[in-house]
Amino acid sequence: MSIFKGSGVAIVTPMRHNGEVDYERFAKQLEFQIENGTDAIIVCGTTGEASTLSHEEHLEVIRYCVRTVAGRIPVIAGTGSNCTETAIYLSREAEAAGADGLLLVSPYYNKATQNGLYGHFRAVAEAVKLPILLYNIPGRTGCNIQPETIVRLCRDVENIVGVKEASGDIAQITRLAALANGCVDIYSGNDNEIVPIMSVGGLGVISVLANIAPARTHEICQRFLDGDAKGSCAMQLEAVELCDALFCEVNPIPVKKALELMGMDTGTLRRPLTEMEPAHAERLEKAMKAYGIL
């Protein structure tokens, strides 16, 4: 059974201007998502600046998210690492905290072989009982999980159930869907590819856009799931300019600026991320106005 179908938000981690995690603001974000139809919360992923959280902060953010959501929708915790033992530690702690699933990014910097990736993910999965989504984002990790490896893992390991695919390679994702023949739950990892990936059997998206447009991101997915591919496609196309603006600088710089523009300030970014360039901020604001959320 799939962890979720539809729109899962890759939620930002709000920071106070002194750099500490702002849990009060985080609670408001979580309520905003649930009230607007988001189907799952993905906490401590790329958008959540997990790479700059200490292990203690990382786990406390997961625990707080689980407590606040309180079972209303699934919480999927990002617990990947380029160190297998660290990923096992984070995954066990997230399971103990009550997460509903885990998101495991491919080991970054190490550039493991496909056999190395298989061994890494299998070791983590065997240390927990939660369902696991792999996370393929070679543009950040320098490592591509090949379709054959994803299918092998999902067939061999009971609790590895799917993948967040953010390679941007539609041909590769189509090949994955063909090889999987239904054994891999595929989610778009890019907001501008929701409908293309759902058209080859994807179940939805793990979304940055949903931070600022949760109801509409949910509807893009739900229309497709309900059989209204034409309506879903129209909504996907309406969002193209905003999706592009949300990635005109490295994520999550633009989405944090977008939340600020909406009056939902999520505070500072942790170094080495920096504030958005003024010209890019102007482009983002223009796209948000055109999309009707400002």
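Begin by selecting Thr47, whose contacts (heavy atoms within 4.5 Å), not counting residues up to four places away in sequence, are Ala10, Ile11, Val12, Thr13, Val208, Asn211, Asn251, Pro252 and Val255. The model is a predicted one, in which local features need pLDDT of at least 70 and side-chain atom pairs count only at pLDDT 80 or more, while totals for chains, interfaces and linings use all residues. Residues are numbered from 1 along each chain as its sequence is written, and side-chain values use heavy atoms, with hydrogens and water left out.

Thr47 sits in the loop between β2 (40-43) and α2; helices (H or I, at least four residues) and strands (E, at least two) are DSSP runs, numbered from the N terminus. With a relative accessible area of 3%, Thr47 is buried, where buried means under 20% relative accessible area, exposed over 50% and partly exposed in between (1.4 Å probe, protein chains only).

Asn251 belongs to the loop between α11 (240-245) and α12 (253-261) and is buried, at a relative accessible area of 7%. Although 204 residues separate Asn251 from Thr47 in sequence, their C-alpha atoms are 6.2 Å apart. The side chains of Asn251 and Thr47 are joined by a polar contact of 3.0 Å. A polar contact is a pair of N or O atoms within 3.5 Å; within protein, one must be able to donate a hydrogen and the other to accept it, and residues adjacent in sequence count only if both atoms are side-chain atoms. Not counting residues up to four places away in sequence, Asn251 touches Thr46, Thr47, Arg140 and Val208.

**The annotated site**

Next, select Tyr135 and Lys164, where the unreviewed UniProt entry places the feature "active site". UniProt positions are given in the numbering used here, feature names are shortened, and annotations may be inferred rather than shown by experiment. The two residues span 30 residues in sequence, yet no two of their C-alpha atoms are more than 4.7 Å apart, so they gather at one spot. Of these residues, Tyr135 is included in the lining of the largest pocket.

Tyr135 is part of strand β5 (residues 132-136), and Lys164 is part of strand β6 (residues 160-165). Tyr135 is buried at 5% relative accessible area, and Lys164 is likewise buried, at 5%. Display the side chains: that of Lys164 makes a polar contact with that of Tyr135 (3.3 Å), and the side chain of Tyr135 makes another with the side chain of Thr46 (3.2 Å). Leaving aside neighbours within four places in sequence, the contacts of Tyr135 include Leu103, Val105 and Ile145, and those of Lys164 include Tyr187, Gly189 and Ile206.

Now show the largest pocket, which holds about 590 Å³ of space. On a 1 Å grid over the protein atoms alone, a pocket is an open set of points with protein on both sides within 12 Å along at least five of seven lines, whereas a cavity is a set of points where a 1.4 Å probe fits but cannot get out; lining residues have an atom within 4 Å of a point. Grid points are joined across faces, edges and corners, and a volume is the space filled by probe spheres set on the points. Of the 28 lining residues, Thr46, Ala50, Ser51, Val105 and Tyr108 are the closest to the centre of the pocket. At least two lining residues come from each of α2, α3 (84-97), β4 (101-105) and α5 (138-141).

The structure holds one cavity of 30 Å³ or more, and the largest cavity has a volume of about 40 Å³. To locate this cavity, select Ile11, Gln29, Phe32, Gln33, Asn211, Leu259 and Met264, which line it. Helix α1 (residues 23-35) gives the most to this lining, with three residues.

**The nonpolar cores**

Select Ile41, Val43, Leu134 and Ile160, the residues with the most contacts inside the largest nonpolar core, which has 56 residues. Such a core is a set of buried Ala, Val, Leu, Ile, Met, Phe, Trp, Tyr and Cys residues joined through side-chain atoms within 4.5 Å. A second, separate core of 25 residues includes Leu209, Leu242, Ile253 and Ile293.

**Last stop: Thr68**

Finish at Thr68 in helix α2, which is buried at 17% relative accessibility. A polar atom of the Thr68 side chain lies 2.8 Å from the backbone oxygen of Tyr64. Leaving aside neighbours within four places in sequence, Thr68 is in contact with Ala27, Leu30 and Glu31.
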